[in-house]
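Subject: Structure handover and findings

Hello,

Here is the structure I promised you. Please open it alongside this email and follow the notes below.

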Amino acid sequence: MGLYSTYIFPRLMDRIMSGAGFQRLRNEVLKSARGEVLEVGLGTGLNLPHYPTGVSRLRAVDPAPLLPNRVAKRAANVSFPVELSRTGAEQLPYENRSFDYVVSTWTLCTIPDTGQALREVRRVLKPNGHLLFLEHGRSDDARTAAWQDRLNPVQNVIGCGCNLNRRIDQLISEAGLHILQLDRFAMEGVPRIGGELYRGIARPNQTSVSVPLKTESH
Ligand SMILES: C[S@@+](CC[C@H](N)C(=O)[O-])C[C@H]1O[C@@H](n2cnc3c(N)ncnc32)[C@H](O)[C@@H]1O
């Protein structure tokens, strides 16, 4: 990791994404999480203060060590254990059907192989578990989407792998998850190319046979 991605980007991201608008949205999306929870892309731990008391344990993955001291401080202030694994969501180090909830906020824009990561999410969710997601992505407005495509290479560099133009609902559905609820709206105070939000809840598709679960050895 270079100077920008190690020191500058995490601080910028932490500052911008801890703003009041982001906090309100984090709080809303996380309020139904409980039991065994997995967060993909923990980042600097900005979601930690927003988890409700019904969470019994949080496990999290993120391949990048972003501001580890800040993450440790935030983790020390919650009432449940937090276990972080430095790995990508494409290969989750957890057993099939382990989690009541998986959380992804502003992360599906950045994961290199979202299809593989979401199939892993489906694998580790209990059959009655839920994915809670809050993501920015491709606009339905053709002009905005065209600008997102144009500016994506630049965003990729300044956002350390972030993409502006991913169709989040489609990625989730294609991975064998059924979307129960989807809200599409533009986030106030954020330029439209990066502020088109996808917020919702999905669960493992019970009828899908096209995405097999990993076989566990006993
Ligand atoms: C824009 S940040 C969002 C951080 C955090 N989710 C939040 O809401 O503040 C995107 C995060 O995705 C993480 N990430 C990148 N590749 C990943 C992967 N393959 N699996 C999981 N997380 C990944 C980055 O390290 C970064 O922490």
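Where does Lys 73 lie? Lys 73 is in helix 3, residues 68-76. Please keep in mind that this is a predicted model. Lys 73 counts as exposed because it has 12 C-beta neighbours inside 10 Å. Lys 73 and Leu 171 are 98 residues apart in sequence, and their C-alpha atoms are 33 Å apart in space.

Strand 2 and strand 3 (residues 82-85) run parallel and are joined by 4 bridges. Within that pairing, Ala 60 stands opposite Leu 84 in strand 3. The chain goes from strand 2 through helix 3 to strand 3, and this β-α-β crossover is right-handed.

Now the core.

The largest nonpolar core has 42 residues. Those with the most contacts inside it are Ala 33, Val 37, Val 102, Val 121, Leu 131, Leu 132 and Ile 172. Several elements supply at least two residues each, among them helix 2 (20-30), strand 1 (35-40), strand 2 (55-61) and strand 4 (99-105). Helix 4 (114-124), strand 5 (125-136), helix 6 (168-174) and strand 7 (196-204) also each supply at least two. Strand 5 gives the largest share, 5 residues. In soluble globular proteins, nonpolar side chains tend to be buried together.

Which residues does Leu 131 contact, leaving aside neighbours within four places in sequence? Leu 131 is in contact with Val 102, Ser 104, Val 121, Leu 125, Leu 177, Ile 201 and Ala 202.

Next, the strands around strand 4.

Strand 4 is mostly covered, with 6 of its 7 residues buried. Strand 1 pairs with strand 4 in the parallel sense, over 3 bridges. Val 37 stands opposite Tyr 101 in strand 4. Strand 4, helix 4 and strand 5 make a right-handed β-α-β unit.

Helix 4 deserves a look of its own. How many of its residues are buried? The count is 9 of 11, so helix 4 is mostly covered. The buried residues are Thr 114, Ala 117, Leu 118, Arg 119, Glu 120, Val 121, Arg 122, Arg 123 and Val 124. Note the charged names in that list, including Arg 119 and Glu 120. The buried residues of helix 4 pack against strand 1, strand 4, strand 5, helix 6, strand 6 (177-186) and strand 7.

Ala 175 belongs in this part of the story. Ala 175 is in the loop between helix 6 and strand 6. Is Ala 175 buried or exposed? Ala 175 counts as buried because it has 24 C-beta neighbours inside 10 Å. The cut-off for buried is 20 or more. Ala 175 and Leu 118 are 57 residues apart along the chain, yet their C-alpha atoms are separated by 5.7 Å.

On to the ligand. There are 22 residues around the ligand. Gly 41, Gly 43, Ala 64, Gly 88 and Ala 89 come nearest. The shell divides into 13 nonpolar, 7 polar and 2 charged residues.

Two backbone points to check on screen.

Trp 106 has a positive phi of about 50°, although it is not a glycine. Trp 106 is found in the loop between strand 4 and helix 4. Trp 106 is buried because 22 other C-beta atoms lie within 10 Å.

Cys 160 also has a positive phi, near 50°, and is a residue other than glycine. Cys 160 is in the loop between helix 5 (142-158) and helix 6. Cys 160 is partly exposed, with 19 other C-beta atoms within 10 Å.

Last, Arg 167. Arg 167 is placed in the loop between helix 5 and helix 6. Arg 167 counts as partly exposed because it has 15 C-beta neighbours inside 10 Å. Not counting residues up to four places away in sequence, Arg 167 touches Gly 137 and Arg 138. Arg 167 and Ser 139 are 28 residues apart in sequence and 8.1 Å apart in space, C-alpha to C-alpha.

Best wishes

Conventions. Residues are numbered from 1 along each chain as its sequence is written. This is a predicted model: local features need pLDDT of at least 70, side-chain atom pairs count only at pLDDT 80 or more; totals for chains, interfaces and linings use all residues. A nonpolar core is a set of buried Ala, Val, Leu, Ile, Met, Phe, Trp, Tyr and Cys residues joined through C-beta atoms within 7 Å. Two residues are in contact if their C-beta atoms, placed from the backbone, lie within 7 Å. Two strands pair if DSSP finds at least two bridges between them. A crossover is right-handed if, with the strands pointing away from the viewer, the path from the first strand over the helix to the second runs clockwise. A residue is near a molecule or strand if its C-beta atom, placed from the backbone, lies within 6 Å of it.
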